[in-house]
Amino acid sequence: MLSKKQTQLPIFITSNSPFKSSLFFIIIFLTAWFLLLFFWLPPTNPIHINLHRAYHLISNHIINSHVHRQPFSVYIYDMPSEFNLGLVKNCHHLNMHRDMCPHVANHGLGQPLQHVNAVGPACWFATNQFTAAMIFHARLENHPLRTWDPSRATLFYVPFYGGLHASSKFRETNLTARDELAVRFSEFLESQPWWQRNNGKDHFVVLGRTAWDFMRTKSGPDYGASTLLNLPRVQNLSVLAIERNPWTGTNQHGIPYPSYFHPCTSSQVLTWQHSMRLSKRPHLFSFVGAPRKGLQRAAIRDELIKQCGESIRCKLLTCRYGSGASNKCSSPSEILGVMSKSQFCLQAPGDSFTRRSTFDSMLAGCIPVFFSRHTAYTQYMWYLPQDAEEYSVYINGENGNATRRIEDELMKIPRERVERMRKKVIDLIPRVTYKHPNASDDGDFEDAVDVAVAALANHVQSVLSKE
């Protein structure tokens, strides 16, 4: 039997203790506080934490917030081979300047590159700037949002390699022969039952050249273009092109030129982004390109080449074409080497408003400097921030106005703003890059194809909901 002393409770919780009431409330308060912390800030599992990775995924999602608004799926038409693979088989005759066979290899990625010192050789290809249609097609064939049931489709993709065909007919003087395949394409569309459902408003095509190559008119000059985009049946079709007509191309949407980087995984993208953040940039600005003759829009190039050549802060890589010419611009490692060591990259219009070099420079983490608003601002609204000052510099070069000293303009920009712009450019790399068609869908970043089909699905659903 326990003694009386042994059976007594400790004095601080006995009924006669003056501390009982206050201690009781303290215990209740602390219990409630710990429960609040537990449920409001739940413990994390350190195994799954990757701060570097999480930051960029969130950043990309914020920029691309419209991508996941509504569920959608894409149906791919099984086209007669004359519209795509049949053209590729004739690759020796697709371009009047070069043999396209090496460039259409590997689904349009071109030949693998072995001497790019980052990420891994499997990601790098000598990609031609006019093969976006082939790359897009290959990506969609393995895309997780592809459906084999047209009744369930939000979008209908029509795989016509119109750009490859157009370049093979630039010197065709018989206009009927030049337009023949475009007319058959239009007739094919109208014959399809799923085209009839919404009169083609949920259908789209990807053209690997500028829209101007498909917009010949009776009254305008003949530069070798076809009339594809002027055909009545094609007006309801959404057209994805590397350059749109910013004035009348209401059914045209700009997509990035393909560059050389085609990652298979998000880790490869993050590795490349990290290397571009660490890259030392001794050149204030650079210009990569060749002079142009006879084009008013390209007249500014002479001035840019002159100013760059006269500045000790500029790196000039002049392109030379012709038999026996040594052309460093044909080397992706030379181009990216210059751009990755430059803070700003000058992007003058060339044969048209846009340039593949814009996307090469962004891949290299180099801030683009534009001299026409139609080089990017009116072209790639799905891909680039609405506030152009976040990622680029604009110097008005319209109507041949290039008298301002570029070096002085760039030197005026505060260092803090330059760092913010470069960070934004590097953050944009995933969405202006085309994944390898065999890439595993890890869901960690959206590439140029993901951004395009998601934005197009929202556009189509918005249009159809108003009818």
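Predicted model: local features only at pLDDT ≥ 70, side-chain atom pairs only at ≥ 80, totals over all residues.

Biologist: What angle do helix α6 and helix α16 pack at, and how far apart are their axes?

Modeller: The angle is about 80 degrees, and the axes are 10 Å apart. Here α6 covers residues 132–141 and α16 covers residues 448–465. An angle from 65 to 115 degrees counts as roughly perpendicular, and that is why the pair gets that label.

Biologist: Which residues make the contact between α6 and α16?

Modeller: From α6 you have Phe 136, Arg 139 and Leu 140. From α16 there are Val 449, Asp 450, Ala 452 and Val 453.

Biologist: And how many of the residues in that contact are nonpolar, polar or charged?

Modeller: Five are nonpolar, two are charged and none is polar.

Biologist: OK, zooming out. How many helices and strands does the protein have?

Modeller: It has 16 helices and twelve strands. The protein has 467 residues, and 52% of them are buried. Also, take the contacts with a separation of 6 or more: residues 24 or more positions apart account for 72% of those.

Biologist: Let's do sheets. In what order do the strands run in the sheet with β1?

Modeller: The order is β1-β4-β5-β6-β7, an open sheet of five strands with parallel pairing. The edge strands are β1 (74–76) and β7 (252–254), and each of them pairs on one side only. From one strand to the next, the twist averages 30 degrees.

Biologist: How many bridges join β1 to β4?

Modeller: Three, and the two strands run parallel. If you want a spot to look at, find Ile 76, which stands opposite Tyr 157 in β4.

Biologist: Which strands of that sheet does α6 touch?

Modeller: α6 packs on the sheet and touches β1, β4, β5 and β6. Its direction makes about 145 degrees with that of β5.

Biologist: Now the sheet with β10. What's the strand order there?

Modeller: That one is β9-β8-β10-β11-β12, an open sheet of five strands, and the pairing is parallel. β9 (314–318) and β12 (393–394) each have a single partner strand, so one side of each is left without a neighbour in the sheet.

Biologist: How many bridges join β8 to β9?

Modeller: Five bridges. In that sheet Gly 289 stands opposite Thr 318 in β9. As for β10 and β11, they pair in the parallel sense over four bridges, and Cys 345 stands opposite Pro 368 in β11.

Biologist: Which residues of β11 are buried, and on which sides?

Modeller: Ile 367 and Val 369 are buried on one side, and Pro 368 and Phe 370 are buried on the other. Both faces of the strand are covered.

Biologist: Which strands does helix α11 lie across, and at what angle to β8?

Modeller: α11 (residues 300–310) lies across β8, β9 and β10, running at about 140 degrees to β8. Helix α15 (residues 415–428) lies across β10, β11 and β12, at about 100 degrees to β11.

Biologist: Switching topic: where does Ser 340 lie?

Modeller: Ser 340 is in the loop between α12 (332–339) and β10 (342–347).

Biologist: Is Ser 340 buried or exposed, and why?

Modeller: Ser 340 counts as buried because its relative accessibility is 10%, and the cut-off for buried is under 20%. Its side chain reaches the backbone oxygen of Gly 337 at 3.3 Å. Leaving out residues up to four places away in sequence, Ser 340 touches Met 276, Ser 279, Lys 280, Arg 281 and Ala 364.

Biologist: One last thing. What is the phi of Asn 106?

Modeller: It's near 55 degrees, a positive value in a residue other than glycine. Most residues other than glycine have a negative phi. Asn 106 is in the loop between α5 (101–104) and β2 (111–112), and at 38% relative accessibility it counts as partly exposed.

Biologist: And what about the phi of Asn 199?

Modeller: Phi of Asn 199 is also positive, near 55 degrees. Asn 199 is found in the loop between α9 (193–197) and β5 (203–210), and with 42% relative accessibility it counts as partly exposed.

Key
Residues numbered from 1 in each chain as written. Heavy atoms only, no water. Buried < 20%, exposed > 50% of the residue type's maximum accessible area, 1.4 Å probe, protein only. Polar contact = N/O pair within 3.5 Å; in protein donor to acceptor, adjacent residues only side chain to side chain. Contact = heavy atoms within 4.5 Å. Axes fitted to C-alpha atoms, helices over the stretch in contact; angles between N-to-C directions. Parallel < 35°, antiparallel > 145°, perpendicular 65-115°, else oblique. Nonpolar A, V, L, I, M, F, W, Y, C, P; charged D, E, K, R; others polar. Pairing = 2+ DSSP bridges.
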